[in-house]
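Biologist: I have the model open and want to know what stands behind the terms used for it. Please take me through them.

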Amino acid sequence: MHEFCIQVINPNTSAAMTQTIADAARAVAAPGTAILASCPTQGVESIEGHFDEAIAAVGVLEQIKQGKAQGAQGHVIACFGDPGLLAARELASGPVVGIAEAAMHVATLVATRFSIVTTLPRTVIIARHLLQQYGFEHHCAALHAIDLPVLALEDGTGFAQGKVRDRCNRAMREDGCGAIVLGCGGMANLAQELTRELGIPVIDGVTAAVKMVESLLGLGLGTSKRGDLAYPNKKPLTGCFAMLS
């Protein structure tokens, strides 16, 4: 019998990336924690912009509803854009944590300055918006892109992983940062190895978010249902959105 069940949602439709994320989550989950990994069956295969995030957010909400029905007590949104985070918190009673939010929080606990390494240059801009939104802008030394699409992390060549490693090395040398945040759920399996290689904390948001949700559940804390995160007002939903009713 598991003490906790945490749903880890990959908001894109890539089965390979969902597996990468699930493996990372299970590697750090406590013995009494079950990980329920899922991804939408419809949507986008990678999330690399505002348009993709808008589509993915609907899939996240569908997954939240399904996860609750399967007994999930808390949820992780495993995309560095944290798509649909606040809407998901409206639907959920348990805690919902996005991986960008989690990684940034954790980075400030182990270093005064951190850098972010992400995929495409356009996602650097999105990450900068999140830094402002979450209040971590002054903690971030720099943002870097490996200039490869998200799915390059799953092509089996290791080329993208090498680019991540090189960029992290450069960030450590040039930015004056004490920690590095990996800005994509598909990088989840690199953090421990890079931490050993570089000698500074390299933080993956998937694992950070899992441990945060575990902590919140252990404290008996869920999402506040007072104010703007109260359950959505009941109203008819039509077409493809009816499944969220």
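Biologist: How far apart do the C-alpha centres of domain 1 and domain 2 lie?

Modeller: The two centres are 21 Å apart. This is a predicted model, in which local features need pLDDT of at least 70 and side-chain atom pairs 80 or more, while totals for chains, interfaces and linings use all residues. Residues are numbered from 1 along each chain as its sequence is written, and side-chain values use heavy atoms, without hydrogens and water.

Biologist: What makes up domain 1 and domain 2?

Modeller: Domain 1 covers 4-98 + 207-244 and domain 2 covers 100-205; such bounds come from an automatic or database domain assignment.

Biologist: What is the area buried between domain 1 and domain 2?

Modeller: About 2,100 Å², with 64% from carbon and sulfur atoms. Buried area is the accessible area (1.4 Å probe) that two parts lose on being put together, summed over both. On the domain 1 side, Met 17, Glu 48 and Phe 80 lose the most, together 35% of what that side buries.

Biologist: Why is the meeting of Arg 89 and Glu 101 called a salt bridge?

Modeller: The term requires a side-chain nitrogen of Lys or Arg within 4 Å of a carboxyl oxygen of Asp or Glu. Here the N to O distance is 2.8 Å, so the pair qualifies.

Biologist: Why are S3 and strand S4 said to pair?

Modeller: Pairing takes at least two DSSP bridges between two strands. S3 and S4 have three, in the parallel sense, so they pair. Val 76 has Val 97 in S4 as its bridge partner.

Definitions and conventions:
Helix = DSSP H or I, 4+ residues; strand = E, 2+ residues; numbered from the N terminus.
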